[in-house]
Amino acid sequence: MTSRSAPKQTLQTATACPECDLLVDGTTNSGHCSRCGARLYRQGRHSLDNTLALACSALVLLIAANAFPIVGLDIQGQRIETTVIGAAVSLWREEMGMVAILVLLSTTVLPLIELAGLVWMALPLRLGKRPPGFSWVFRVLHMAHPWAMIEVFIMGLLVALVKLTNVADVFAGAAAWCFGCVMLLLAILHTIVEPRDLWQAWEEAEQ
Amino acid sequence: MSGLQAIRTGTATCLTCGMLGSPIPRPVCKRCGSSLHFRKPNNIQRTWAYLIAAYVLYLPANLLPITITRSIFGTQHDTIMSGVVYLWHSGSWAISLIVFIASVVVPLLKLFSLTLLVISVQRRWCGEVMRRAKLYRILEAIGRWSMLDVYVVTILVALVRAESLATISPGSGVLAFAAVVILSMLAAMAFDPRLIWDPLDETQPKENVK
């Protein structure tokens with residue numbers, strides 16, 4: 001082992017590729033691992049203002065997306081509408097509790113946690129303060145991220161609409177558009193939120 | 001080539017926050033507090049466990065009905081495949097193709113590729129390293145799309161209720177299918193892609209590893 005002889009400073013600027021374990025210089029690198037091509041970080045620093053603005057608007061839209069019906073059905077003048085929570089409740093009533101929880105978690109709860117967590121971290125950092133429980137929130141977001149699946153849900157919505165057009169008049173509710181916008185905002189957020197920059201801001205902020 | 005792996009210097013990168021640190025004596029990241037290991041603990045056993053469970057559930061997921069439609073014309077049981085066929089015949093072939101890829105191709109591809117990756121790592125293969133690394137990256141990205149059918153069923157069940165001419169209830173196939181998707185995602189997360197590169201570094205001449 002050569003770890004004891006390695007100077008401490010190089011260990012701090014250097015990082016290792018999470019996919020192939022290659023040691024790479026964290027400052028001069030192109031942002032990709034030189035061996036396996038995995039993305040290590042994104043170049044160019046985006047301001048916390050962008051993150052805050054996008055996360056706040058997505059949060060408002062996500063709340064609206066759960067308050068209004070996502071899809072409706074028109075059968076001989078009779079309208080049937082449902083919200084996401086209503087859809088989960090009807091699954092629950094059909095003794096599909098596990099699936100209902102899964103749907104609710106992946107479309108509502110986890111995206112909500114993700115966005116609220118981002119605001120929680122970015123707002124105090126923007127004001128130059130360290131947010132309480134920063135590392136805990138960061139870890140929760142890291143765990144929640146793969147399970148938030150709004151984009152897949154939108155696609156499912158589309159398929160369900162196509163299936164039902166043969167049977168009845170269907171219409172997309174206000175929440176469908178809200179979900180669509182949340183999906184776009186989340187996609188932009190994922191390209192501008194760089195964990196490395198968040199931690200740097202955290203280190204620079206006063207305790 | 002400066003192919004020095006972090007494990008050779010006694011350090012490991014934190015998979016949560018990316019900070020390089022030493023997992024010895026305490027396997028905890030100094031910055032974010034996540035657990036820190038050279039390689040994910042018991043990764044091969046855990047990947048196999050999730051994979052086998054997913055394979056077992058794959059059959060009921062495809063054979064059992066995912067929706068049961070009751071109307072005045074009778075009761076109809078639909079599996080994932082019959083849903084794809086119905087969409088194809090009703091003329092929405094683009095949507096039918098999307099559902100087919102998301103619900104049939106992706107889960108199978110994911111299970112088979114991950115099995116291949118685990119076996120290749122256990123046998124310590126040195127060939128096709130780059131391709132295997134890319135395969136893993138693709139697997140991680142596409143796995144979530146299999147949830148598509150679960151959402152379709154959710155919306156159908158919520159909308160086509162007793163007030164209308166027909167009712168749609170979820171079949172037990174949905175539960176099995178959702179479990180397959182989750183288990184295959186967990187399997188991909190349990191796998192450690194760094195193992196693909198490990199045999200390569202061990203065959204390198206010593207002078208590269210200073």
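**Helix packing and the chain contact**

Colleague: Which residues of α4(A) do residues of α2(A) meet?

Modeller: Contact means C-beta atoms, placed from the backbone, within 7 Å. From α2(A), A:Leu48, A:Asp49, A:Thr51, A:Leu52, A:Ala55, A:Cys56, A:Ala58, A:Leu59, A:Leu62 and A:Asn66 meet A:Thr108, A:Pro111, A:Leu112, A:Leu115, A:Ala116, A:Leu118, A:Val119, A:Ala122, A:Leu123, A:Leu125 and A:Arg126.

Colleague: What kind of model is this?

Modeller: Residues count from 1 along each chain as its sequence is written, chains are lettered from A and ligands numbered from 1 in the order written. Local features need pLDDT of at least 70 and side-chain atom pairs 80 or more, while totals for chains, interfaces and linings use all residues, in what is a predicted model.

Colleague: Are α2(A) and α4(A) roughly parallel or roughly antiparallel?

Modeller: Helices are DSSP runs (H or I, at least four residues), strands likewise (E, at least two). The axes of α2 (residues 48-67) and α4 (residues 97-126) of chain A come within 9 Å and cross at roughly 150°. Angles over 145 degrees, on a scale from 0 to 180 between N-to-C directions, count as roughly antiparallel. The pair is therefore roughly antiparallel.

Colleague: Which element of chain B gives the largest share of the side touching chain A?

Modeller: The contact takes 52 residues from chain B and 53 from chain A. Elements of chain B that each supply at least two residues include α3 (93-122), α5 (148-159) and β5 (167-170). The largest share, 10 residues, comes from α5(B).

Technical notes: Angles under 35 degrees count as roughly parallel, over 145 as roughly antiparallel, 65 to 115 as roughly perpendicular and the rest as oblique. Two residues are in contact if their C-beta atoms, placed from the backbone, lie within 7 Å.
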